[in-house]
Every structure is written in C-alpha cells, then in structure tokens.
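Work through the exercises below with the sequence and the 3D structure at hand. Each task is followed by a solution in steps.

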Amino acid sequence: MSWLWAIIVGFVLGLIARAILPGKQHQPLWLTTLFGIIGGVLGNAVATWIGVHDTRGIDWTRHLLQIAGAVAIVALGEMVYLSLRGGKRHTV
C-alpha cells in the first residue's frame, strides 16, 4: 500500500510544483507525477540529513522540503524533457 501513497503524494507534489513554477510546463502528467515522487524522496532525505526525524503533530519542515525538492526536480525535468523532445520553450 505504500507504493500507492507514494504515487498519490508524488502526484500532489508534482501539481504543486507545476503551480509554483512560472510559465507553462510541457511534460505529461505521468512524468510530473514521477518527478513529484522523486522530489518527495529527495525532500525526505534532506529532512533526515538535517535531523528532522520524528516530530509531534504536522511535520512542516519535511513537507516544505518535499515541495522544494519537487519544484527543483520538476524544473530540471522540464529542461531535460524539452531538450530530448527537441522543442523550444514558448512564452505566452
């Protein structure tokens, strides 16, 4: 069941990251979900690295680091996706 939660959380993190990033992202939704999962794992790793293990209540630090990781991975993934697809970034 943990893989299902990883997909759901990755989907939400990816959508939040896309909303934070300026402009239009061209990557498909499944790739955004994958980047959200990777960003969440990265955020968890950084949170553990800085010493945020167990907290009481809502773990805001871990959640903020997960969102920051998702934004970074979605932004990098967008650049890689555009370079592999041969497309140019269009501004609206």
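**Exercise 1. Leaving aside its neighbours within four places in sequence, find which residues glutamate 78 is in contact with.**

Solution. Contact means heavy atoms within 4.5 Å. With neighbours within four places in sequence left out, glutamate 78 is in contact with Lys24, Gln25, His26, Gln27 and Phe35. Helices (H or I, at least four residues) and strands (E, at least two) are DSSP runs, numbered from the N terminus. Last, check its cover. Buried means under 20% relative accessible area, exposed over 50%, and partly exposed in between, with a 1.4 Å probe and protein chains only. Glutamate 78 has a relative accessibility of 4%, so it counts as buried.

Two notes on the source apply throughout. This is a predicted model, in which local features need pLDDT of at least 70 and side-chain atom pairs count only at pLDDT 80 or more, while totals for chains, interfaces and linings use all residues. Residues are numbered from 1 along each chain as its sequence is written, and side-chain values use heavy atoms, with hydrogens and water left out.

**Exercise 2. Describe the whole protein: how many helices and strands does it have, and what does its C-alpha trace span along the principal axes?**

Solution. Start with the elements: there are 3 helices and 0 strands, and the pattern along the sequence is α-α-α. Then take the extent: the C-alpha trace spans about 45 × 25 × 20 Å along its principal axes. Of the 92 residues, 32% are buried. Among contacts with a separation of 6 or more, 61% are between residues 24 or more positions apart.

**Exercise 3. Which residues make up the largest nonpolar core?**

Solution. A nonpolar core is a set of buried Ala, Val, Leu, Ile, Met, Phe, Trp, Tyr and Cys residues joined through side-chain atoms within 4.5 Å. The largest one has 10 residues: Leu13, Ala17, Leu21, Leu31, Phe35, Ala70, Val71, Ile73, Val74 and Tyr81. At least two residues of this core come from each of α1, α2 and α3, and α3 gives the most, with 5 residues.

Two members can be followed further. Leucine 13, with neighbours within four places in sequence left aside, is in contact with Gly36, Gly40, Gln66, Ile67 and Ala70. Leucine 21 lies in the loop between α1 and α2. Its relative accessible area is 17%, so leucine 21 is buried. Beyond its neighbours within four places in sequence, leucine 21 is in contact with Val71, Val74 and Ala75.

**Exercise 4. Which residue forms a salt bridge with aspartate 59, and are the two partners buried or exposed?**

Solution. A salt bridge is a side-chain nitrogen of Lys or Arg within 4 Å of a carboxyl oxygen of Asp or Glu. The structure holds 1 salt bridge. Aspartate 59 pairs with arginine 62, and the closest N and O atoms are 3.1 Å apart. Aspartate 59 has 12% relative accessibility and counts as buried. Arginine 62, with a relative accessible area of 15%, is buried.

**Exercise 5. Which helix gives the largest share of the nonpolar patch?**

Solution. Patches are made of residues with over 30% relative accessible area and no salt bridge; like charges are joined within 9 Å, and nonpolar side chains (Val, Leu, Ile, Met, Phe, Trp, Tyr) within 5 Å. The surface patch includes Trp3, Trp5, Phe11, Val12 and Leu29, and its accessible area is about 1100 Å² together. Accessible areas come from the Shrake-Rupley method with a 1.4 Å probe; for residues, only the protein chains shown count as cover. Helix α1 (residues 2–20) gives the largest share, 11 residues. Valine 12 lies in helix α1 and is partly exposed, with a relative accessible area of 40%.
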